[in-house]
Amino acid sequence: MKIAIVGASGAVGQEFLRVLDERNFPAEELVLFGSPRSAGKTYTFRGKELTVKLLQHNDDFKGIDFAFVSAGGDTSREYAETITKHGTVMIDNSSAFRMDEEVPLVVPEVNPEDAFVRPRGIIANPNCTTILMVVALKAIEELSHIKRVHVATYQAASGAGAAAMDELYAQHRQILAGEEPTVEKFAYQLAFNLIPQVDVFTDNGYTKEEMKMFNETRKIMHSDIRVSSTCVRVPALRAHSESIWIETERPVTVEEAHAAFARAEGLVLQDDPTGKEYPMPLFLSGKDPVYVGRVRRDLANENGLTFWVVGDQIKKGAALNAVQIAEVLLQKKA
């Protein structure tokens with residue numbers, strides 16, 4: 001098994017290295033690729049020092065089974081043919097191909113079977129907020145069809161990359177020292193603040209991030225589900241949180257929902273209000289599962305439930321989901 005990481009120096013690229021090692025992914029050889037800025041850097045994987053190669057239009061991907069790509073949409077679009085032309089399966093973490101009809105959009109706990117039909121040799125990793133949400137929605141969908149979702153997201157700095165996480169640290173230090181904070185990665189200061197904008201606005205007043213949650217959820221779940229979201233950047237470091245309201249075709253009780261969440265793959269139920277136990281990003285960064293709590297009946301809708309979800313954006317929201325896709329394909333081969 002020979003695999004590659006494209007964008008090895010980024011936050012998700014580095015998470016790929018950790019996840020592949022943690023899960024003992026059967027990689028006999030790992031090749032790292034990057035931009036001219038990253039080429040030549042070295043990283044250690046399973047005791048071996050690896051040098052990042054310059055990503056080029058050549059035959060470097062010949063013989064590579066899987067390429068985990070996290071270098072931005074422009075790079076994915078430009079190099080997709082180069083990566084896949086010799087049979088490499090490209091698992092892409094950008095938004096470049098998510099809505100392409102010939103590219104499956106996969107969350108292994110929800111629609112693993114879609115990964116096996118990939119005419120272009122590409123599988124898309126969904127947006128991080130969508131991944132976390134659909135893992136939870138799947139559990140309820142099995143009880144009763146979900147017609148509508150309203151969701152407010154509380155997205156960590158990590159969603160904008162490693163430099164954004166560094167900026168959040170720097171802003172807190174600068175403000176506490178009485179200095180003017182550096183503002184480069186976001187439209188406004190994030191420290192001690194909330195920014196009700198993630199990505200750029202579209203013509204309908206929703207941001208691209210919010211529209212991703214609408215469109216991607218329907219594609220992943222093969223459903224007519226309608227999702228209305230407000231995505232907010234918050235001064236958490238790397239785990240995203242979501243407050244979710246759903247409307248199902250029939251009333252689903254809290255007890256039914258608890259049982260469904262408890263048995264669902266990739267979910268951990270953490271819901272004990274009397275003991276003040278509920279998911280929080282402070283404690284769940286670096287964890288694999290999606291955590292769900294605050295499950296209760298929606299007082300405004302007789303067929304409604306509301307609950308709270310937290311998951312690590314870099315891990316399950318990006319690198320881990322991609323590696324799990326590759327594991328699904330390998331399990332069928334075995």
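## The parallel sheet

Strand 1 (residues 2-6) and strand 6 (residues 66-69) run parallel and are joined by four bridges; strands here are DSSP runs of E with at least two residues, helices are runs of H or I with at least four residues, and both are numbered from the N terminus. I5 stands opposite F68 in strand 6. This is a predicted model, in which local features need pLDDT of at least 70 and side-chain atom pairs count only at pLDDT 80 or more, while totals for chains, interfaces and linings use all residues. Residues are numbered from 1 along each chain as its sequence is written, and side-chain values use heavy atoms, with hydrogens and water left out.

The two strands belong to an open sheet of six strands with parallel pairing, in the order 5-2-1-6-7-8; two strands pair if DSSP finds at least two bridges between them. At its edges are strand 5 (53-54) and strand 8 (122-124), each of which pairs on one side only.

## Helices on the parallel sheet

Helix 2 lies across strand 1, strand 6, strand 7 (89-92) and strand 8, and runs at about 155° to strand 7. Angles run from 0 to 180 degrees between N-to-C directions, and axes are lines fitted to C-alpha atoms, for helices over the stretch in contact. Helix 8 also packs on this sheet: it touches strand 6, strand 7 and strand 8, and its direction makes about 165° with that of strand 6.

Helix 8 packs with helix 3 (residues 128-141) at an angle of about 85°, their axes being 8 Å apart. Helix 3 is therefore roughly perpendicular to helix 8, a term for angles of 65 to 115 degrees. The contact (heavy atoms within 4.5 Å) involves C128, I131, L132 and V135 of helix 3 and K316, G317 and N321 of helix 8. These residues divide into four nonpolar, two polar and one charged. Here Ala, Val, Leu, Ile, Met, Phe, Trp, Tyr, Cys and Pro count as nonpolar, Asp, Glu, Lys and Arg as charged, and the others, Gly among them, as polar.

Strand 12 pairs with strand 13 (residues 290-297) in the parallel sense over three bridges, and Y291 in strand 13 is the bridge partner of V268.

## Pockets

The largest pocket has a volume of about 1,400 Å³. A pocket is an open set of points on a 1 Å grid over the protein atoms alone, where a 1.4 Å probe fits, with protein on both sides within 12 Å along at least five of seven lines; lining residues have an atom within 4 Å of a point. Grid points are joined across faces, edges and corners, and the volume is the space filled by probe spheres set on the points. Of the 46 lining residues, A71, G72, G159, A160 and G161 are the closest to the centre. Helix 1 (11-22), helix 2 (73-84), helix 4 (162-176), helix 5 (208-221) and helix 8 (315-333) each give two or more residues to this lining, which divides into 17 nonpolar, 22 polar and seven charged residues.

The second largest pocket has a volume of about 160 Å³. Among the residues that line this pocket are R98, D199, K208, K212 and E216; its lining comprises two nonpolar, three polar and five charged residues.

Methods
Parallel < 35°, antiparallel > 145°, perpendicular 65-115°, else oblique.
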